[in-house]
Amino acid sequence: MIIGLMGCSTAERNKEAVREDRTTKEPAAAAVETSSEQDALIHKFKAVVSTAKEASDIVSFLNENLNKAGQNNADQMVRELYAFYAKDLQISQEAFFAEKVQNVLTEMDWPITSANAASIPDNAVRQLVVTKLSGGYRLVWVEGTIYPIVDYSNQQKYSMYLSKPLNSYIALKAAESSEPAARDAGLVITWNELANRAIMAETFLKEYPDSQDYKEVEGIYLDSYLGMYIQGLANTPVFDSATLKLIPEVKASYVKLSKENPNSVTGIMAKRFLEILAKTDDVAIIRGPGGKQMLPEVDLFQKNYRREALKLLQEA
């Protein structure tokens, strides 16, 4: 009986080992099959991209298939869409500069979206607008002219399929395409919102130093958001031309930012600027025989802000 029981026990162990072996092998076979399907999907996608006349051709494919691609492939597919935009944007914008297109669109209720595009009376203009909107563009009206820009918020619906770095990049670009920070040399968002966008870009740079989008985001951070925050704009200055002082709303934003984000590059830069201005009771400009002149220390800080911020980024 003992020998029999031992035999049964050994046989059961062998059966269990076989079951475990099958269990471990089956997922591998499934993974190979999935990989093969993904390869076929990418092959189809490349064919779509190579023949695409409109961004809508690519967007349609992504909407139907991105969930099957796997994260790495999904990232690359979205980047292929961006590559198409890079080549197509100017062409698409030029199509809107035709006088007929502008005349028709300026008579429409604003904004023009997919919800009301079908009511555009002219067939050719309606088809142009519908095609561009379905391709992930949105229409903007700047200085009396209507034209398309890339609407990055469209790709946020793909977030569950994409990597964290690419999602962060899209979020940064979507904020700007949905509501530009500046227009006509003036700030069109609040100073606090501008600070938030600067922090958003700075965070990307710190978290994803190896991202292929690093250089682009670095430019957005240093030359756009931080530059506007420290230097102001022609139509939205940081200093009051009457009092010659730092505008209270700007100062309040600097104080808020430096307290809430004391270790950020943006927060450090704001604090340093406040310290310089504290020595003159926030006065930044003086009147002299030659007219108004910026105080040397203020002028030096504003001129060198990029170099100092870049140094802080490298040390972070």
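Trainee: Where does E202 lie?
Mentor: E202 sits in helix α7, which covers residues 191-207. Helices here are DSSP runs of H or I with at least four residues, strands are E runs of at least two, and both are numbered from the N terminus. Before we go on: this is a predicted model, where local features need pLDDT of at least 70, side-chain atom pairs count only at pLDDT 80 or more, and totals for chains, interfaces and linings use all residues. Residues are numbered from 1 along each chain as its sequence is written, and side-chain values use heavy atoms, leaving out hydrogens and water.

Trainee: Why is E202 called buried?
Mentor: Buried means under 20% relative accessible area, exposed means over 50%, and partly exposed is in between (1.4 Å probe, protein chains only). E202 has 2% relative accessibility, so E202 counts as buried.

Trainee: What makes the pair E202 and T266 a polar contact?
Mentor: You need a pair of N or O atoms within 3.5 Å; within protein, one must be able to donate a hydrogen and the other to accept it, and residues adjacent in sequence count only if both atoms are side-chain atoms. The side chains of E202 and T266 make such a contact at 2.6 Å.

Trainee: Which side chain makes a polar contact with the side chain of T266 at 2.8 Å?
Mentor: That's Y221. T266 and Y221 are 45 residues apart in sequence, yet their C-alpha atoms are 9.5 Å apart in space. T266 itself is in helix α10, residues 265-278.

Trainee: Is T266 buried or exposed?
Mentor: Buried, because its relative accessibility is 0%. Contact means heavy atoms within 4.5 Å, and leaving aside residues up to four places away in sequence, T266 touches several residues, including A198, I199, L226 and Y229.

Trainee: Why does E216 count as partly exposed, and why is K173 called buried?
Mentor: E216 has a relative accessible area of 31%, so E216 is partly exposed. K173 has 17%, so K173 is buried.

Trainee: What does K251 form with D282?
Mentor: A salt bridge, with the closest N and O atoms 2.8 Å apart. This pair links distant parts of the chain: K251 is in helix α9 (residues 248-260), while D282 is in the loop between α10 and β5 (285-288), 31 residues apart. K251 is partly exposed because its relative accessible area is 32%. D282, at 11%, counts as buried.

Trainee: How far apart in helix α9 are E260 and K256?
Mentor: Being four residues apart, E260 and K256 are separated by about one helical turn. Their side chains meet in a salt bridge at 3.1 Å, N to O.

Trainee: How many salt bridges does the structure hold?
Mentor: It holds 15. Also, E176, E193 and R197 are linked in a network of salt bridges.

How values were computed. Salt bridge = Lys/Arg side-chain N within 4 Å of Asp/Glu carboxyl O.
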